[in-house]
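Work through the exercises below with the model open. Each task is followed by a stepwise solution.

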Amino acid sequence: MSYFRPNIDQMKGYVPGEQPRESEVIKLNTNENAYPPSPRVFEAIQRALTKQLRRYPDPLATEFRQAAAEVLRVSPDSIIACNGSDEALTLLTRACVEPSGLMVSPTPSYPLYENLAEIQGCRFEHRPFDEGGRLPRGLTRGAALTLVPNPNSPTGTFAPPEELLAHAEEATGLLVSDEAYADFALGHCLPLIEKCERLVVTRSFSKGYSLAGLRFGFLVAQPTIVRTLLKLKDSYNVDALAIAAATAAIRDQEYFLGNVKKILATRKRLASGLEDLGFQATPSSANFVWATRSTPLEPIYQELKRRGILIRFLRYPGFGEGLRVTVGTDAEIDRLLSELKSIV
Ligand SMILES: *Cc1c(COP(=O)(O)O)cnc(C)c1O
């Protein structure tokens with residue numbers, strides 16, 4: 001006998017990338033930012049620490065929504081602050097998908113999506129990118145919720161925002177542009193939200209804003225969609241320190257853009273370094289590079305790990321395997337490339 005719903009008993013549980021305890025490890029496996037957050041973030045947390053811990057936080061994170069609305073040129077009423085963008089994905093799943101309903105994502109993409117479907121107890125389908133690496137026709141067919149990372153993980157490829165809009169327009173359910181990596185890309189779907197109520201964007205502070213440890217993200221959709229989703233969220237889903245920190249971070253665009261610029265320059269060096277060593281590096285619009293090779297990759301991953309460098313080895317049925325390498329600092333990438341040179 002079990003105490004749990006059958007779908008919970010049957011699911012394996014999501015396995016996130018390793019978070020090693022030892023600090024000497026060069027950590028290029030979970031796409032955290034190579035640089036620390038803005039100094040303004042520490043000041044804001046300090047202020048919030050001395051003033052705001054006794055009381056509950058603002059349930060709507062109003063200060064953050066106003067700051068983000070200004071920077072991103074959307075209405076504050078179209079934003080929900082979340083405990084990481086993963087929470088936004090959870091809210092959407094809970095709100096939209098019946099047990100008999102269908103959730104869809106292109107494959108290869110973010111494995112967490114299938115896990116959310118397992119918890120919900122609904123159906124899930126992977127729909128492969130087409131030969132040219134484009135989103136497949138009929139992507140959203142029959143789906144109550146379609147999740148598309150854009151830029152994609154693990155490949156780093158980017159679909160033009162108009163293509164996502166076209167898929168949202170033919171959908172019957174919501175289509176989510178999961179823009180955890182949009183800070184490193186040349187475009188995004190925010191200006192298209194007002195054109196289609198089925199288009200929803202999620203954003204993260206974990207990658208572009210160097211705040212993975214804080215857990216903060218947000219969702220953007222038309223206000224009618226937002227009002228419904230607000231009914232499901234925990235009243236105090238984001239804490240006072242996180243609201244203060246994220247508000248300070250998004251206001252300091254100069255610092256943020258400076259970091260992004262450095263990461264894009266290092267991304268280029270990483271990709272060409274990998275190509276020089278005989279890998280195929282997929283052109284990336286994110287803060288990581290997907291590298292493949294005709295020889296087995298798992299031993300390379302293992303040997304790097306033995307030498308204190310952690311990257312990600314990933315294998316997808318029907319697609320193949322590759323190494324996903326986070327764009328670290330220049331020093332980290334130099335060390336990675338020189339170790340790789342002696343391995344391959
Ligand atoms: C990292 C990542 C997220 C999660 O971001 P959090 O804000 O840390 O929850 C969501 N989607 C994709 C594709 C990611 O890679």
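**Exercise 1. Find which element gives the largest share of the lining of the second largest cavity.**

Step 1. On a 1 Å grid over the protein atoms alone, a cavity is a set of points where a 1.4 Å probe fits but cannot get out; lining residues have an atom within 4 Å of a point. Strands (E, at least two residues) and helices (H or I, at least four) are DSSP runs, numbered from the N terminus.

Step 2. List the lining. Pro59, Leu60, Arg65, Ile79, Ile80, Ala81, Val226, Leu230, Lys233, Asn237 and Val238 line this cavity.

Step 3. Assign elements. Strand E2 (79-82) and helix H7 (223-230) are the elements that give two or more residues. E2 gives the largest share, three residues.

Step 4. Sort by class. Ala, Val, Leu, Ile, Met, Phe, Trp, Tyr, Cys and Pro count as nonpolar, Asp, Glu, Lys and Arg as charged, and the others, Gly among them, as polar. The lining divides into eight nonpolar, one polar and two charged residues.

The model is predicted: local features need pLDDT of at least 70, side-chain atom pairs count only at pLDDT 80 or more, and totals for chains, interfaces and linings use all residues. Residues are numbered from 1 along each chain as its sequence is written, and side-chain values use heavy atoms, without hydrogens and water.

**Exercise 2. State how many cavities of 30 Å³ or more the search finds, and describe the largest.**

Step 1. Count. The whole structure holds two such cavities.

Step 2. A volume is the space filled by probe spheres set on the points, with grid points joined across faces, edges and corners.

Step 3. Read the lining of the largest cavity. Helix H9 (residues 253-276) gives the most, three residues. Other parts of the chain also contribute, including Pro36, Pro37, Gly208 and Tyr209.

Step 4. Sort by class. Seven residues are nonpolar, four polar and one charged.

Note on methods. 1 Å grid on protein atoms, 1.4 Å probe; cavity = no way out; pocket = protein on both sides within 12 Å on 5 of 7 lines; lining within 4 Å.
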